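User: I'm new to this and would like a close look at the salt bridges here. Could you walk me through them in one go?

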Protein chains: 2
Amino acid sequence: MNEAEERKPIIVLVRPQLGENIGKAARAMLNFGLVEMRLVEPRDGWPNPSAGPAAAGADSVLEQAQVFASTAAAVADCAHVYASTVRKRGVTKPVVTPEQASREIVSKPGRSAILFGPERSGLETEDVALARAILTVPINPDFGSLNLAQAVILCAYEWSRNQSLAQPPQEELLAPAPQADLDALVAHLERMLEPKGYFLPEHRAEVTRRTLRGVLTKPAWNHLEVRTLRGVLSHLDRAPRP
Amino acid sequence: MNEAEERKPIIVLVRPQLGENIGKAARAMLNFGLVEMRLVEPRDGWPNPSAGPAAAGADSVLEQAQVFASTAAAVADCAHVYASTVRKRGVTKPVVTPEQASREIVSKPGRSAILFGPERSGLETEDVALARAILTVPINPDFGSLNLAQAVILCAYEWSRNQSLAQPPQEELLAPAPQADLDALVAHLERMLEPKGYFLPEHRAEVTRRTLRGVLTKPAWNHLEVRTLRGVLSHLDRAPRP
């Protein structure tokens with residue numbers, strides 16, 4: 001395993017109930033480049049035929065998933081363990097957001113793991129006790145029911161954000177057209193408007209010109225867009241087609 | 001609707017296929033305090049009996065969901081429209097991350113909407129054309145399949161994260177005109193261009209319309225600026241003054 005792989009957190013599903021949710025969690029992981037899943041006592045055994053279809057192509061994550069008999073065994077090689085839970089446990093541990101946890105994970109040496117509890121009940125106190133910190137998603141206090149794959153994707157997303165690896169591909173944005181092109185567009189429009197009385201009354205003409213110029217300056221159109229608008233004006237200036 | 005509610009983005013599901021996914025999207029929204037869902041032509045009609053169970057308690061979101069016959073109608077009152085899509089469209093629009101979009105949403109005046117396409121196919125080019133920016137989650141380039149509720153929860157989460165950054169709106173800055181005003185401007189110009197042969201040849205008409213729409217969507221003109229341009233068009237349409 002190379003260093004980049006070692007820096008990725010391990011997602012540990014503790015006593016997951018539905019194979020479908022294991023598959024969805026795998027998909028959520030791979031969406032953001034996480035690949036190592038560990039399962040602690042999955043209720044219906046492993047492999048689980050319901051997991052594959054729900055993974056929607058993230059089969060590699062499922063195939064490599066390792067199964068452990070206890071949470072302690074699953075995190076035995078980890079230096080940083082986070083317990084994902086919303087509930088107070090009476091355990092005095094630091095509480096961090098996914099963002100804070102991700103920053104720690106990417107900046108500190110040693111392997112990291114994030115524990116997620118069973119769908120219905122969440123992590124047990126014994127599981128939480130293994131963790132150095134509690135990871136809590138800052139959620140609507142009146143509606144805190146977050147499903148397993150959703151909790152996983154938010155953690156994976158935050159890890160990815162803090163990796164700063166992924167930027168959306170910026171389609172080549174063209175620079176605004178040179179001012180001369182814009183001037184020519186404004187002049188073209190003014191020539192057409194003049195005979196229609198747009199700049200009357202005379203004493204308002206200066207303000208009207210400035211307003212029009214302002215409206216056309218704001219967009220920062222590029223040269224292709226200016227060319228499109230010149231074409232629009234030329235067409236408007238034509239006689240209707242027979 | 002109070003100001004805090006108005007600052008929340010509207011989640012617009014365009015032609016969603018499965019009621020279950022509508023319910024899951026509602027749950028994801030409410031997890032982070034978003035409450036306003038709009039549906040454009042849901043495949044199986046509305047209400048959909050599969051939505052409620054999947055919402056897992058977020059029934060209020062579903063009950064208040066409004067249904068629209070077109071994407072344009074669904075965002076007619078919105079000043080900021082984002083199209084959530086991963087695919088290149090050949091449409092030159094700014095591409096933003098959920099984080100960047102959220103910062104804009106909480107800091108700019110006017111209502112915001114985020115469009116999500118059908119589960120299988122994503123947004124159509126026509127839908128994307130209505131938006132000023134494309135919202136793309138920076139995802140694993142080798143595994144970019146993000147399901148609907150997952151895409152919604154990441155946007156809702158980011159909005160929630162950036163909420164606290166909300167600045168009071170700058171007084172002098174007018175919000176972009178509602179989308180309906182922009183539609184009327186585009187329609188006005190098209191009516192004038194049609195008889196001049198601008199949309200010929202026929203097989204190019206669709207692309208030409210989209211290009212024109214893009215040029216006029218980019219500026220984010222406010223209602224005064226749109227009114228100025230309507231005045232310009234009315235004058236151009238007149239006979240020359242004697």
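Analyst: Let's start with A:Glu20, which counts as partly exposed at 35% relative accessibility (buried means under 20% relative accessible area, exposed over 50%, and partly exposed in between, with a 1.4 Å probe and protein chains only). Keep in mind that this is a predicted model, where local features need pLDDT of at least 70, side-chain atom pairs count only at pLDDT 80 or more, and totals for chains, interfaces and linings use all residues. Residues are numbered from 1 along each chain as its sequence is written, chains are lettered from A and ligands numbered from 1 in the order in which they are written, and side-chain values use heavy atoms, leaving out hydrogens and water. pLDDT is the predictor's confidence in each residue, from 0 to 100, and chain A has a mean of 89.

Back to A:Glu20: its side chain meets that of A:Lys24 in a salt bridge (3.2 Å, N to O). That term means a side-chain nitrogen of Lys or Arg within 4 Å of a carboxyl oxygen of Asp or Glu. Both A:Lys24 and A:Glu20 sit in helix α2 of chain A, four residues apart, about one turn of the helix. (Helices, H or I with at least four residues, and strands, E with at least two, are DSSP runs numbered from the N terminus.)

Over all chains, the structure holds 29 salt bridges, and the rule finds six across the interface of chain A and chain B. In one of them, B:Arg161 pairs with A:Glu158 (3.4 Å, N to O). Another links A:Arg161 with B:Glu158, whose closest N and O atoms are 3.3 Å apart. This pair runs from helix α8 of chain A to helix α8 (residues 148–163) of chain B, crossing between chains. How exposed are the two ends? A:Arg161 is partly exposed, with a relative accessible area of 21%, while B:Glu158 is buried, at 0%.

Next comes A:Lys218 with B:Glu225, where the closest N and O atoms are 2.8 Å apart. A:Lys218 lies in the loop between α10 and α11 of chain A and B:Glu225 in helix α11 (residues 223–236) of chain B, so this pair joins two chains. A:Lys218 is partly exposed, at 36% relative accessibility, and B:Glu225 is buried, at 14%.

Finally, some salt bridges share partners, joining A:Glu99, A:Arg103, A:Glu158, A:Arg161, B:Glu99, B:Arg103, B:Glu158 and B:Arg161 into one network.
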